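Here is a short report on one protein chain. Keep the sequence and the 3D view at hand while reading.

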Amino acid sequence: MASFFNSKFCENFPLILNNNDNHYDTLIQVGENKNIKEFRANSVILRSRSPYLKVLFHPLGLKKKMV
């Protein structure tokens with residue numbers, strides 16, 4: 001059962017990442033003035049991959065909009 005779940009999860013996970021319009025809760029803006037690029041991301045994935053972002057997104061961590 002566990003291996004079936006893992007194989008289905010591994011199959012479907014890229015679909016979630018590629019269909020990012022519906023599955024994000026974090027918006028990262030990079031650039032200045034009219035040269036701004038936006039990246040949509042999921043905070044769970046960011047926290048799991050980065051110790052810095054794990055602290056940043058912690059419920060007791062930073063709660064304000066970063067500039």
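In this predicted model, the charged end of Lys37 sits over the ring of Phe39, 5.8 Å from its centre. A charge sits over a ring if NZ of Lys or CZ of Arg is within 6 Å of the ring centre and within 35 degrees of the ring normal.

Some ground rules come next. Residues are numbered from 1 along each chain as its sequence is written, and side-chain values use heavy atoms, with hydrogens and water left out. Because the model is predicted, local features need pLDDT of at least 70 and side-chain atom pairs count only at pLDDT 80 or more, while totals for chains, interfaces and linings use all residues.

**Overall layout**

The protein has three helices and two strands. From the N terminus on, their order is α-β-β-α-α. Helices (H or I, at least four residues) and strands (E, at least two) are DSSP runs, numbered from the N terminus. Buried residues make up 10% of the 67 residues. The protein exposes about 6300 Å², and carbon and sulfur atoms supply 59% of that area. Areas come from the Shrake-Rupley method with a 1.4 Å probe; for residues, only the protein chains shown count as cover. Among contacts with a separation of 6 or more, residues 24 or more positions apart account for 7%. Contact means heavy atoms within 4.5 Å.

Buried means under 20% relative accessible area, exposed over 50%, and partly exposed in between (1.4 Å probe, protein chains only).

| Residue | Relative accessible area | Class |
|---|---|---|
| Ser43 | 9% | buried |
| Phe39 | 41% | partly exposed |
| Asn33 | 72% | exposed |

Phe39 is found in strand 2. With Ile28 and Val30, Phe39 forms a nonpolar patch on the surface, and the three have about 240 Å² of accessible area together. Patches are made of residues with over 30% relative accessible area and no salt bridge; like charges are joined within 9 Å, nonpolar side chains (Val, Leu, Ile, Met, Phe, Trp, Tyr) within 5 Å. A salt bridge is a side-chain nitrogen of Lys or Arg within 4 Å of a carboxyl oxygen of Asp or Glu.

Asn33 lies in the loop between strand 1 (26-32) and strand 2 (35-41). Asn33 has a positive phi of about 50°, although it is not a glycine.

Ser43 belongs to helix 2 (residues 43-49). Leaving aside neighbours within four places in sequence, Ser43 is in contact with Asp25, Thr26 and Phe57.
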